[in-house]
Protein chains: 2
Amino acid sequence: MRRYFFFLFVLMAFTMSSQGYFAPTVNSPEIAKNGAVTFKIKAAKADTVRLIIDSRVDTLMKHTGNETWSITLRDLEPDLYMYYFIVDGTKMLDPENAQVLRDVKTVMNTFVLDPQGDCPMAVHDVPHGEVRAVWYDSPTLNATRRMMLYLPPGYELSRQRYPVLYLLHGTGGDETVWLEQGHAAQVLDNLIASGKAEPMIVVMPNGHTDTPSAPGMGPNNNEQPTFAHKQWMEGTFEQSFNDIMNWVDKNYRTRAAKRYRAIAGLSMGGYHSLYISANQPDDFNYVGLFSPAISRMDQGKCKIYDDLEGKLIAQFKQRPRLYWLGIGKDDFLYKDNAEFRRMLDKNRLHYTYHESGAGHEWANWRDYLVIFVQQIFK
Amino acid sequence: MRRYFFFLFVLMAFTMSSQGYFAPTVNSPEIAKNGAVTFKIKAAKADTVRLIIDSRVDTLMKHTGNETWSITLRDLEPDLYMYYFIVDGTKMLDPENAQVLRDVKTVMNTFVLDPQGDCPMAVHDVPHGEVRAVWYDSPTLNATRRMMLYLPPGYELSRQRYPVLYLLHGTGGDETVWLEQGHAAQVLDNLIASGKAEPMIVVMPNGHTDTPSAPGMGPNNNEQPTFAHKQWMEGTFEQSFNDIMNWVDKNYRTRAAKRYRAIAGLSMGGYHSLYISANQPDDFNYVGLFSPAISRMDQGKCKIYDDLEGKLIAQFKQRPRLYWLGIGKDDFLYKDNAEFRRMLDKNRLHYTYHESGAGHEWANWRDYLVIFVQQIFK
């Protein structure tokens, strides 16, 4: 009887996982101890198969017999990766890898490469914080909105108060993306465990005021992710930011003072961090601009954006402990950021500058987070 | 300058979301107000295109010109759906729908059909509870393990104590699946808002003791989901269940008494619910067995499974308020469940029986959750 039952389950498993499309006879991705990664896909009738790894790899795969296409990459850095295949011009997920992430509207496979066991984006056997999905009221926007929080290990039973990092996403993201593509919970778990970062609360709101949440989580159930938002960098998010801070300070054991508050964001989130901190010079001791979308100075459109230079001068008189700016050499925003740095330099406003390789991409933003969180609340 | 910047963003969006594989010129799925759903896919060179909707639909699509294949379905019930295309024998996701869910190892697109605005699985404009991902220590298993929790709206600031539903997954699932395929948070939000369910905490642990978490969330970062677990229905989960209850009662404002405790699960989780409640007759006032995997009576393997009949007789002497059993007519476990019911009947043990259409599948389990949570803690 037991064997019969087990057989039924295996049969079901086989039926469900192979519905007309894959035979689980290859292992992909296969990660060797030395960090070499082998990708394989069965594609009997294919003429060409390409492997795309985010913006880092675009390469043809080799037909290695037995209907299988394969390639081994030996020089990938420890990090989180996102990839897919293109089989005769058609995008395909790796049928052997059920771990997927979404980048804006593109669903891809993902894996973590951690040959030395020290990649801060990997899950390690350390105390884990909590991740929460919550809804808060925004009186300014007259809306109920979703955000994600990371609480450090031990939060629930401690009576301690914690500093807060507000961590903002880019135009293509939502409240989930710093946890998904950013692996922010893993980064914080690891750096707190090793003593490199202070225990902190991380607040990840949704920066698009025309939608209350990530697609699928709000009342417009079948909403699709998009770059084309009805409201976009026009001031409403910045103007409603106090609703978020008030809600967090009311609901969580925060240290509700400038000394214990940081704000950082990538791309549009860097733009948000820039203007929110410049308009609220008494609120943030640490500011992180990750490849910030700085060039779009909407003088006149919203008072939030007026007189940035004057506001920055006033902000720096309050002596923020850290004003951190990071960008990749190939970023399409590099030139605008250089111009912004010249303005800071001209006014002798002291900031920390980090220039990395590559462009406007997650490999940089994960690194920037790792660097930034080690420098705050110390 | 502003226009130039916007153009760059749009260019980036286009590049990122269309990398060599789709032109966003069709809308799919397109849901009409009357509930008709139209699926479309561009596939210029295809000979046949099929649409698969979980176990409910398997149909050929029609070539409707302009390289597009299409089909409209008019008789789908309000529910959550999971689907994919098969293009000339190869499984493909819908490139126009970035909302995906995983069923064991199969990634599929998803949408919610809610033409009347009353489907309990849809997000509505009602107060939302919190969802938390937490890690707890299991002294019995000598492990730190992940679980998900749903907290009712208002939990964080109230001083109230709440009843607890322990909600368990099946062999192919993990701690996330009741939230993902089950839409448990949406179901609870909606039924609490309408007064049909009591505010309650829902605890969703991981029922596989050979892994601490869902794939990607544990130290074995690149683990794949599987049906073939090293430890499987051999007693360790049931024996360590008190670790979960103790942790929840310690960390949350629960009503820690039988009267305010329910346990329910699907398939393997039904089996777990059956044996945990039978072995702990003083702990659960409400038991829900959803298509339970009942037949595998491992007499002798673990004392948890010994003398089920005697344990049930003892359990029912404690008069659980509700012992609920649901199964579909086409479920491969139907016969074993009928045998189990005969045993209950023979002993005059009173249970509530719900027989639905269809088989061993999520459409049933979501319905069973909706029915079950309306009957507990009243």
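**Overall size, chain A.** I started with the radius of gyration, taken over C-alpha atoms, against the globule rule of 2.2 Å times the number of residues to the power 0.38. With 378 residues a compact globule would come out near 21 Å, and chain A has 23 Å, so the two agree. Along the principal axes, the C-alpha atoms of chain A fill a box of roughly 70 × 50 × 40 Å.

**Ground rules.** I am working on a predicted model, where local features need pLDDT of at least 70 and side-chain atom pairs count only at pLDDT 80 or more, while totals for chains, interfaces and linings use all residues. Residues are numbered from 1 along each chain as its sequence is written, and chains are lettered from A and ligands numbered from 1 in the order in which they are written.

**Make-up of chain A.** I find nine helices and 18 strands in chain A (DSSP runs numbered from the N terminus: helices H or I, at least four residues; strands E, at least two). Buried residues make up 50% of its 378 residues (buried: 20 or more other C-beta atoms within 10 Å of the residue's own, with C-beta atoms placed from the backbone). Of the contacts in chain A with a separation of 6 or more, 71% join residues 24 or more positions apart (contact: C-beta atoms, placed from the backbone, within 7 Å).

**Domains of chain A.** The assignment, automatic or from a database, gives domain 1 (21–113) and domain 2 (130–373). Their centres, over C-alpha atoms, are 33 Å apart. I see 10 residues of domain 1 in contact with 12 residues of domain 2. On the domain 1 side, strand 7 (79–87) and strand 9 (100–103) are the elements giving two or more residues. Strand 9 gives the most, with three residues.

**Core.** The largest nonpolar core has 212 residues (buried Ala, Val, Leu, Ile, Met, Phe, Trp, Tyr and Cys joined through C-beta atoms within 7 Å). A:Val202, A:Val203, B:Val202 and B:Val203 have the most contacts inside it. I followed up A:Val203: leaving out residues up to four places away in sequence, its contacts include A:Met147, A:Leu149, A:Tyr166 and A:Ile244.

**A sheet in chain B.** I traced an open sheet of four strands in chain B, order 1-2-6-5, with antiparallel pairing (strands pair if DSSP finds at least two bridges between them). Strand 1 (30–31) and strand 5 (62–63) are the edges, each pairing on one side only. Two bridges join strand 5 to strand 6 (residues 68–73), which run antiparallel. B:His63 stands opposite B:Trp69 in strand 6.

Note on methods
A residue is buried if 20 or more other C-beta atoms lie within 10 Å of its own, exposed if 12 or fewer, and partly exposed in between; C-beta atoms are placed from the backbone. Two residues are in contact if their C-beta atoms, placed from the backbone, lie within 7 Å.
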